[in-house]
Amino acid sequence: MSQTIAVLKGDGIGPEIMEATLRVLDALDCDLTYEFHDAGLAALDKHGTLVPPETLAAIETHRVALKGPLTTPIGKGFSSINVQLRRHFDLYANVRPAISFPGTRSRYDNIDLITVRENTEGAYLAEGQSLSEDGETALSSIRVTRSGSGRIVRYAFELARQKGRQKVTAVHKANIIKTSSGLFLEVAREVARDYPEIELEEMIVDNACMQLVMNPNQFDVIVTTNLFGDILSDLCAGLVGGLGLAPGSNIGSEVAIFEAVHGSAPDIAGKKIANPCALLLAAADMLDHLGMVEKGAKIRGSIREVLENDREQVTPDMGGSGNTDTFADALVKVVRR
Ligand code: NAD
């Protein structure tokens, strides 16, 4: 039976890269039905809100969404749409694979690691921030819970098990932030006992940054709290050549939203030169999530092949002389073969 997914084309380059991504998905015969819904600036014009209730209801019904980048208007009192979606659906796990692809401007080859970031607590609490009346002292708090740590660490171990990974590295600062980071580490040790075939490695966050830059191939799956995960996952994207190839999944117990890590790139919107690969890799992760692991692998393989053998068709950010359409054409040709 066909699986219906909610599709949010997004703002800026969103519609262009979504069109390219759906063309490749169609060429793979995934038997998906797309239900298109508004969000972002297009929704604001049409419905007077950035995330209309119909869009939320559709995501809730279909449980899976593929989302283009959304622009959050600056200085008009709007809170980030991505934060709204994360809160609404309790999308507690932010999963960001960093994989080396040929011909990218990066320092290392053969990187294949996944960062699993806790997405709902930690240092990112809107209610935990204050500034004294004289403006001299700012306070922000960190909230880490046993249940919140438990579910994210378990998610990381389950992912490691499912993908045949050997090691989960819990990144923390428990030597200094003894309460919150200490609790996270304590829970990580408890959860790890249920996965005896997978090694739990503990690493202090400052050392983790150095190790990632010196020898990223030692990592397999990284699990960490919200703030550290935010920073480390960008560092990892940088290790494999930046935003053009960085997908991200936001996973909750009911709903999962798959997206590119990059934004709506207003500087190149409408020029048809946006690289569709980050959204396409997010679609590959979506297929894994839907149990179509071979098709997900086929997408990653086709990107690798086009980057290796058909460089003139790829977008300028990858050093090619093509555009979004020629890149998609080349990918479709490979997956159809
Ligand atoms: P951005 O990621 O949109 O752009 C940064 C730079 O990378 C730009 O030079 C852009 O041209 C380039 N770039 C980004 N994606 C590209 C692609 N696929 N192909 C080629 N080049 C690409 O970051 P920004 O300019 O800081 O943000 C623009 C808007 O996007 C803001 O409104 C922000 O709120 C929003 N945003 C949304 C998301 C999301 O929806 N997940 C994430 C980040 C930013």
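User: Leaving aside its neighbours within four places in sequence, with which residues is Ile 198 in contact?
Analyst: In this predicted model, Ile 198 sits in the loop that joins helix H6 (180-192) to strand S9 (199-204). Once neighbours within four places in sequence are set aside, the contacts of Ile 198 are Phe 157, Ala 160, Arg 161, Arg 165, Gln 166, Lys 167 and Val 168.

User: Is Ile 198 buried or exposed, or does it fall in between?
Analyst: A residue is buried if 20 or more other C-beta atoms lie within 10 Å of its own, and exposed if 12 or fewer do. Ile 198 has 19 other C-beta atoms within 10 Å, so it is partly exposed.

User: How far apart in space are Ile 198 and Ser 249, C-alpha to C-alpha?
Analyst: Along the sequence, 51 residues separate Ile 198 from Ser 249. In space, the C-alpha to C-alpha distance between Ile 198 and Ser 249 is 23 Å.

User: What distance separates the centres of domain 1 and domain 2?
Analyst: The domain assignment gives domain 1 as 1-94 + 245-337 and domain 2 as 107-239. Taken over C-alpha atoms, the centres of domain 1 and domain 2 are separated by 25 Å.

User: How many residues does each domain bring to the contact, and what is the class make-up on the side of domain 1?
Analyst: Domain 2 supplies 10 residues to the contact and domain 1 supplies nine residues. On the side of domain 1 that touches domain 2, the classes are five nonpolar, two polar and two charged residues.

User: Which residues does Ala 283 touch, not counting residues up to four places away in sequence?
Analyst: Not counting residues up to four places away in sequence, Ala 283 touches Thr 21, Leu 25, Leu 66, Phe 258 and Ile 299.

User: Against which elements do the buried residues of H8 pack?
Analyst: Helix H8 (residues 226-239) has 14 residues and reaches 20 Å from first to last C-alpha, close to the 20 Å expected at 1.5 Å a residue. Its buried residues are Asn 226, Phe 228, Gly 229, Asp 230, Leu 232, Ser 233, Cys 236 and Ala 237. Those buried residues of H8 pack against strand S4 (93-99), strand S5 (112-118), strand S8 (167-172), helix H7 (205-214) and strand S10 (221-224).

User: What is the C-alpha to C-alpha distance between Asp 230 and Glu 118?
Analyst: Asp 230 belongs to helix H8. Asp 230 is buried because 20 other C-beta atoms lie within 10 Å. Although 112 residues apart in sequence, Asp 230 and Glu 118 have a C-alpha to C-alpha distance of 9.0 Å.

User: Asp 29 and Asp 90 each have a positive phi without being a glycine; is each exposed or partly exposed?
Analyst: Asp 29 has a phi of about 55 degrees and lies in the loop between helix H1 (14-27) and strand S2 (32-36). Asp 90 has a phi of about 50 degrees and lies in the loop between helix H4 (81-88) and S4. With 10 C-beta neighbours inside 10 Å, Asp 29 counts as exposed. With 13 C-beta neighbours inside 10 Å, Asp 90 counts as partly exposed.

User: Which residues come nearest to the ligand?
Analyst: The shell around the ligand divides into 10 nonpolar, eight polar and three charged residues. Of the 21 residues around the ligand, those that come nearest are Thr 71, His 262, Gly 263, Ala 265 and Asn 275.

User: What distance separates the C-alpha atoms of Ile 13 and Asn 275?
Analyst: Ile 13 is placed in the loop between strand S1 (3-8) and H1, and it counts as buried because it has 28 C-beta neighbours inside 10 Å. Ile 13 touches Ser 264, Ala 265, Ile 268, Ala 269 and Ala 274, not counting residues up to four places away in sequence. Ile 13 and Asn 275 are 262 residues apart along the chain, and their C-alpha atoms are separated by 9.2 Å.

Methods. Residues are numbered from 1 along each chain as its sequence is written. This is a predicted model: local features need pLDDT of at least 70, side-chain atom pairs count only at pLDDT 80 or more; totals for chains, interfaces and linings use all residues. Domain bounds come from an automatic or database domain assignment. Two residues are in contact if their C-beta atoms, placed from the backbone, lie within 7 Å. Ala, Val, Leu, Ile, Met, Phe, Trp, Tyr, Cys and Pro count as nonpolar, Asp, Glu, Lys and Arg as charged, and the others, Gly among them, as polar. Helices (H or I, at least four residues) and strands (E, at least two) are DSSP runs, numbered from the N terminus. The expected span of a helix is 1.5 Å times one less than its number of residues. A residue is near a molecule or strand if its C-beta atom, placed from the backbone, lies within 6 Å of it.
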